[in-house]
There are 2 protein chains.
Amino acid sequence: MNVIPGLAISNRLRSTPFTQRVQQSGVKAFTVYNHMLLPTEFDTVELDYWHLCEHVQVWDVGVERQVEIKGPDACKLVQWMTPRDIRKVDVGRCVYVPLADESGCLINDPIALKLAEDHWWLSIADSDVLLWAKGLSTGAKLDVKISEPKVWPLAVQGPKADELMALVFDESVRDIRFFRFQPMAFKGHYFNVARSGWSKQGGYEIYVDDADVGVALYDALFDAGAYLNVRPGCPNLIERIESSLLSFGNDMTMEHTVLESGLDSFFDLNADVESLAGDALRAQKARGLDRKIMGLVVSAPHGAAPVHVDPNTGFVLGDQFEPIGRLGSQVWSPKYQHQVVTVMLEEPYLSDVQLSPHIQVQLTSGTLAWAQVLELPFDFQAAGLVESKPG
Amino acid sequence: MNVIPGLAISNRLRSTPFTQRVQQSGVKAFTVYNHMLLPTEFDTVELDYWHLCEHVQVWDVGVERQVEIKGPDACKLVQWMTPRDIRKVDVGRCVYVPLADESGCLINDPIALKLAEDHWWLSIADSDVLLWAKGLSTGAKLDVKISEPKVWPLAVQGPKADELMALVFDESVRDIRFFRFQPMAFKGHYFNVARSGWSKQGGYEIYVDDADVGVALYDALFDAGAYLNVRPGCPNLIERIESSLLSFGNDMTMEHTVLESGLDSFFDLNADVESLAGDALRAQKARGLDRKIMGLVVSAPHGAAPVHVDPNTGFVLGDQFEPIGRLGSQVWSPKYQHQVVTVMLEEPYLSDVQLSPHIQVQLTSGTLAWAQVLELPFDFQAAGLVESKPG
C-alpha cells in the first residue's frame, strides 16, 4: 500500500468513538472517508490479511455513515435513487443498492437496511448521499425526513467471528442469516446486528448508536476474544480485491455507469420501477458498452514492480504504450502469487478479450508483463491459479 | 498542527496536476478535502506563516472543486441554495454565498463566480455540493446542467503576489479588483484569474482548466519568482485564524445555521429572494440565538498547553469543567502572542459575555487560563493586543 507521511488532523476529519482505541493499538495509517478517519493498516497489509483469513478482527468502520430516510415517501425516494427493485424487501433485510442518476452514472453503492415500512438506512460509501437525498426530497416536495444519525458501525470479521459474537452477545447471534439484521442486547442496550461486512471471511456489522456503550462493547470484544487471537483490523486491500469487493471512488467513480461498473449483475434491470437511472441504463444496455470493469491477473512475482499508470490519465498502458483503460486498484496477492488488478477496460481492448484474454502491460520498472483479463468476480481456479498457504 | 503519520493513498483520494510538484518540493503533510489531496505544511506552519506574510507563495488548491450550473434556470437554482441575494451580481464577479437548507443549516460556503447570465461556478469548501444541486434540479425538474468541470485552482498569495503575477501574465493583472475575475493569457491559453484567495495577505486565484498548460504555469511562477523568494505554500492555519477566515467543517458544520456561524453579516437577510433557508433564518433571528461562533484570545505563552477539548463532546470546558461551547479551531498566534480560538459559544455563556468578556478555560495541562471572548472577525487592537514582529 502506498502510504505517505503526514496526515494533518483537524475537526473537519471527524473521529469515531473508537479512534482513540485504534490509535492506542498502533495503527500505521489512515485514509479519509466521508470526512472521517478510517484505519487502513495495523501490522502490514499482508500480515493483517493472513490474520483476517485465519482468526477474527474488530474493525472501526464508523465512516460507513447512515443516511436515514423516514416518512411516508421513504420507499419512493429510495426507489428513485436505485435501479434495483426495492419494493419487496422485507423489514430486517440488507440489500446492496447501487445509486445512480438520470445518466445511469453512479452516486454511491450503499447497503440499504430496511428498519420499517417507512424507514431506511443507507450505509454509504464515500460521497455525501445525504445531500443528494435532501436535494431530491426538497426539489420534489417529498414527505420524508432525511438525516445522518449518530451511528458508527463496528465490524467483526473473520472465520472466528461467530464464536466471538456468541460470547459477547449470545448464541442466537449465530442464527442471523446473510444480509439480515436484528436487535441484539449488550449490557441492556439493543444494537442492530447484521451478518454482513466488507470481507468474504464471514462476520457481522454492529450498528453502534451509543458511543459509551459502543466503547464498552469494543473492549468486551477484545477481552472475550483474547483466546481467539482477536486483533484490531480494517478493510484489507488484498482481501477485498481477491474477493472482488469493488470500492466506489477507486474501482469505479461518478463518471462510470452501473453497467460499466458491472453492478447490474445484482438485479434485474428490466424491473418496472420508478428509478431515475432506469431508462439511461436500459438504453446503454441496448447500445452495448464501450468500456467495462474487468480484472487483470498479472504475472509478476512478489516484489516485482506494480503495473504502471499514466500519471495524466490514470490509464494502464499496453505493449505499445497504448492506453487500455483506467486502473482501479492493484495489489499483490500472496494467495495467488500474482498482481491482481481492476481496470475499466476500453474498446477495442474490451472486444479483443473475446479473441484472446492475454495482453501485455507496462510495469513501473519499464518492463512488460503478461496479464490474463478476467470477468469479475475473479474466478482464480478457472484462470488456472493455485492457492498458496501463509508464508 | 496535529499531524499523524501515515496517510494511505488510493485512487479515491484524487491528485491534482500539481501534486507531484508539491511532493517533490518536500510537503510535510496533507489533508483530504473534497476527496482530494490538499497540502497543509511545507517547512513548519509557523515558518510557512511568516513567509506568507512577507513574500509570495503558490498554492495547489485544486481541491476547491467547481460545481458548474448552466442553463436557463441557473440563477433560480443558485438563489434557492443561498439566502444571499444574487440577482444583481454582474458577470465577472465573485460573491461569497453561504449555502443553506430549509432549516437554515449550512451545506457549504463557496465563492460563486458568475461566468455568464446563465452560467455559474460554485468554488466549494469540503462537501459534495454537486449532489445537492443535482438532487434539487432533478427533484424540481429545473432546466440546468450540473457538472464538475476539470478545473484546479492555483492560488498566488502574499504581499508580492501582484509583482509575480505581472511578470507571468502582464501588468494588466494588477487592475483586477477584489472579488472580480477576468480571462488572462498565458502561452496563448486564457485562464480565469480572480483577485481572491484564502488569506488576507493579498493575491489571486487562477482557475486552471488545462492540466498541461497549468503545470507550465506552475513552473513559470517559480522561475519568474525566484528573486521574490517564491515558495510553495498552502492555506495556513495561523494566518487564516488570525484573519478570521472560517473553515466549513472545522469552525462550523452542517449542524449550525448561517446565523450561528455569523455569516449573515455578509448580506441582507430580509432581501425578498426565493431562498430555501430564508424563512427559517428570519424566524431564528426573531427568536434570538442560543449559540454563536465567537473568538477566544487565551493568555497562554508560546509552548503552553492548548485549550482542552472534551473528547466525547468536542466542547471547551470552563473553570468548573462546565461545557461552554464546541471548539472550532485553535492555534498559537506568533503575531499576537496568544492562543487564538474559535468556539460555538452556548447559552448562558453567550449572554454572560455582555457582562464580562473574561472567562477561564481548561488547558490540556490540567491548568486554567484566562480568555477574552471576542466577536468575529477578531479585532486584536481593540482587545489590547500588540503586534509582534517575526522572531
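1. Chain B touches chain A through 46 residues on its own side and 46 on the other, where contact means heavy atoms within 4.5 Å. The area buried between the two chains is about 4,000 Å², and carbon and sulfur atoms give 54% of that area. Buried area here is the accessible area (1.4 Å probe) that two parts lose on being put together, summed over both. B:Ile4, B:Arg12 and B:Leu131 supply 18% of the area that chain B buries against chain A, more than any other three residues.

2. The model is predicted, so local features need pLDDT of at least 70 and side-chain atom pairs count only at pLDDT 80 or more, while totals for chains, interfaces and linings use all residues. Residues are numbered from 1 along each chain as its sequence is written, chains are lettered from A and ligands numbered from 1 in the order in which they are written, and side-chain values use heavy atoms, with hydrogens and water left out. Chain A has a mean pLDDT of 96, with 99% of its residues at 70 or more; pLDDT is the predictor's confidence in each residue, from 0 to 100. For the complex the predictor gives an ipTM of 0.97 and a pTM of 0.97.

3. Over all chains the structure holds 28 salt bridges, a salt bridge being a side-chain nitrogen of Lys or Arg within 4 Å of a carboxyl oxygen of Asp or Glu. Four salt bridges are found across the interface of chain B and chain A. Side chains of opposite charge can pair when their charged atoms come close.

4. One of the salt bridges joins the side chains of A:Asp101 and B:Lys134, at 2.6 Å from N to O. This pair crosses between chains: A:Asp101 sits in the loop between β8 (99–100) and β9 (106–108) of chain A, and B:Lys134 in helix α4 (residues 129–140) of chain B. Helices (H or I, at least four residues) and strands (E, at least two) are DSSP runs, numbered from the N terminus. A:Asp101 is buried, because its relative accessible area is 5%; buried means under 20% relative accessible area, exposed over 50%, and partly exposed in between (1.4 Å probe, protein chains only). B:Lys134 also counts as buried, at 17%. The side chains of B:Asp101 and A:Lys134 likewise meet in a salt bridge, with an N to O distance of 2.6 Å.

5. A salt bridge is also formed by the side chains of A:Asp126 and B:Arg12, at 3.0 Å from N to O. This pair joins two chains, because A:Asp126 lies in the loop between β11 (119–123) and α4 (129–140) of chain A and B:Arg12 in the loop between β2 (7–8) and α1 (19–24) of chain B. A:Asp126 is buried at a relative accessible area of 6%, and B:Arg12 is buried at 6%. B:Arg12 is also one of the three residues named above for their share of the area that chain B buries against chain A.

6. Within chain B, the side chains of B:Asp85 and B:Arg87 meet in a salt bridge of 2.9 Å, N to O. B:Asp85 is partly exposed, with a relative accessible area of 26%, and B:Arg87 counts as exposed at 52%. In chain A, salt bridges link A:Arg14, A:Arg65 and A:Glu148 in a network.

7. A:Cys53 is in no disulfide, and the nearest cysteine sulfur, that of A:Cys234, is 13 Å away. A:Cys53 counts as buried at 16% relative accessibility. B:Cys53 is in no disulfide either, with the nearest cysteine sulfur, that of B:Cys234, 13 Å away. B:Cys53 is buried, with a relative accessible area of 16%.

8. Helix α8 of chain B (residues 278–287) has B:Gly278, B:Leu281 and B:Gln284 as its buried residues. These lie on the same side of α8(B), because they cover an arc of only 135 degrees around the axis; the arc is that of the directions from the helix axis to the C-beta atoms. On the face turned away from the buried side are the exposed residues B:Asp279, B:Ala286 and B:Arg287. Just after α8(B), B:Gly288 takes a positive phi of about 95 degrees.

9. In chain A, A:Asn270 is placed in the loop between α7 (237–242) and α8 (278–287). A:Asn270 is exposed, with a relative accessible area of 58%. The C-alpha atoms of A:Asn270 and A:Arg282 are separated by 7.5 Å, the two residues being 12 residues apart along the chain.

Terms used. A disulfide is a pair of cysteine sulfur atoms within 2.5 Å.
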